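Dear colleague,

I am passing on the structure below, together with some notes on what turned up in it. Please look through the notes with the structure open beside them.

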Amino acid sequence: MAYEFILTNIDAGILTITLNREKQLNALNAQLIQEIGEALENVRNDKSVKGIILTGSGKKAFAAGADIKEFSAFGLEEGKNLAVSGGNIFNKIEQFNKPVIAAVNGFALGGGCELTMACHFRIASENAKFGQPEVNLGLIPGYAGTQRLIQLIGKGKAMELLMTGDMIDANEAHQLGLVNHVVPQETLLEKCTSILNKIGKKGPLAIEKVIDSVNAYFDKGRNGFEAEIDNFAFLFETKDFKEGTTAFMEKRKADFKGE
Ligand code: CAA
């Protein structure tokens, strides 16, 4: 499918979505965010796709935020619509049934930082920079940055970054737990691919249930402990479970089908 603001490529079971507005530092306009949602929906039920990498085009930015030019004349209702419609896609990423990794190849600011935080985890290149500079515009994050930053780095540091608008480099982001690994830019996609290849050998339904169970902890409407019990029990009825346990006893590698 052709998109205007993203590139998609499926190779060896991995969908790479590249934000493709390099001259605007991949600023997130409303259509670009909707396109990410469509690209994900297109592979939701495709068992040959084991994982997704989200990255930015060029060497400078993952995404420098929501598109300031697009919303500069907005009022209350439009502001709310922007946050709700974009936020729905970010929630879709967070709850997606396959692993979604952010390959952060440069600036991840404002909505760009929020987009990385909606992914299941983040790998950064050495030149990556993270921040929530919305206060410089007289704004606050609108794609759940105030909520997910606390979850990832804790309240005190989140308060400081959100109030100062300061940028942090990849190493500080690593120390804070915002990113899992920092690698040279040339090996960023390779690192993400290698992690997804490892995950891709596990039972796909088990991976889906890991994502759901971990997310349940943060969902005030759910009891995470109960969600884990239900997901654990569900997996006993799957062919993947039979295959995994049989393969263990037969001392061979499991061949999971996601059934
Ligand atoms: N929206 C729209 N355009 C943007 C943009 C954004 N968030 N960030 C960068 N651009 C555009 C610039 O306007 C510029 O375009 P022109 O050449 O047409 O003028 C181009 O990208 C290159 O940017 P710079 O010339 O500014 O590059 P730089 O290297 O000097 O600076 C930067 C890089 C520090 C990242 C700087 O671009 C910057 O501060 N960007 C804005 C960051 C920001 O405030 N992000 C938060 C947005 S609000 C938000 O995200 C709300 C939300 O939570 C939903």
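The protein has eleven helices and ten strands, where helices (H or I, at least four residues) and strands (E, at least two) are DSSP runs numbered from the N terminus. This is a predicted model, in which local features need pLDDT of at least 70 and side-chain atom pairs count only at pLDDT 80 or more, while totals for chains, interfaces and linings use all residues. Residues are numbered from 1 along each chain as its sequence is written, and side-chain values use heavy atoms, with hydrogens and water left out.

On the overall form, a compact globule of 259 residues would have a radius of gyration near 18 Å, and the 19 Å of the protein agrees with this; the radius is taken over C-alpha atoms, and the globule rule is 2.2 Å times the number of residues to the power 0.38. The C-alpha trace spans about 60 × 40 × 35 Å along the principal axes. Of the 259 residues, 45% count as buried (buried means under 20% relative accessible area, exposed over 50%, and partly exposed in between, with a 1.4 Å probe and protein chains only). Among contacts (heavy atoms within 4.5 Å) between residues at least 6 apart in sequence, 68% join residues at least 24 apart.

The loop between strand S2 (14–19) and helix H1 (30–41) holds Ala 27, and Asn 26 lies in that loop too. Asn 26 counts as buried, at 0% relative accessibility, and has a positive phi of about 60 degrees although it is not a glycine. Most residues other than glycine have a negative phi. Ala 27 is buried as well, with a relative accessible area of 10%; leaving out residues up to four places away in sequence, Ala 27 touches Arg 21, Leu 32, Gly 65 and Asp 67. The C-alpha atoms of Ala 27 and Ala 66 are separated by 5.4 Å, although the two residues are 39 apart along the chain.

A positive phi, of about 70 degrees, is also found at Ala 144, again not a glycine. Ala 144 sits in the loop between strand S8 (129–131) and helix H5 (145–153) and is partly exposed, with a relative accessible area of 30%.

Finally, Lys 209, in helix H9 (residues 204–218), is buried yet has no salt bridge (a side-chain nitrogen of Lys or Arg within 4 Å of a carboxyl oxygen of Asp or Glu). The nearest side chain of opposite charge, Glu 208, is 4.7 Å away, with Lys and Arg counted as positive, Asp and Glu as negative, and His and the chain ends not counted. Leaving aside neighbours within four places in sequence, Lys 209 is in contact with Asn 231, Phe 234 and Leu 235.
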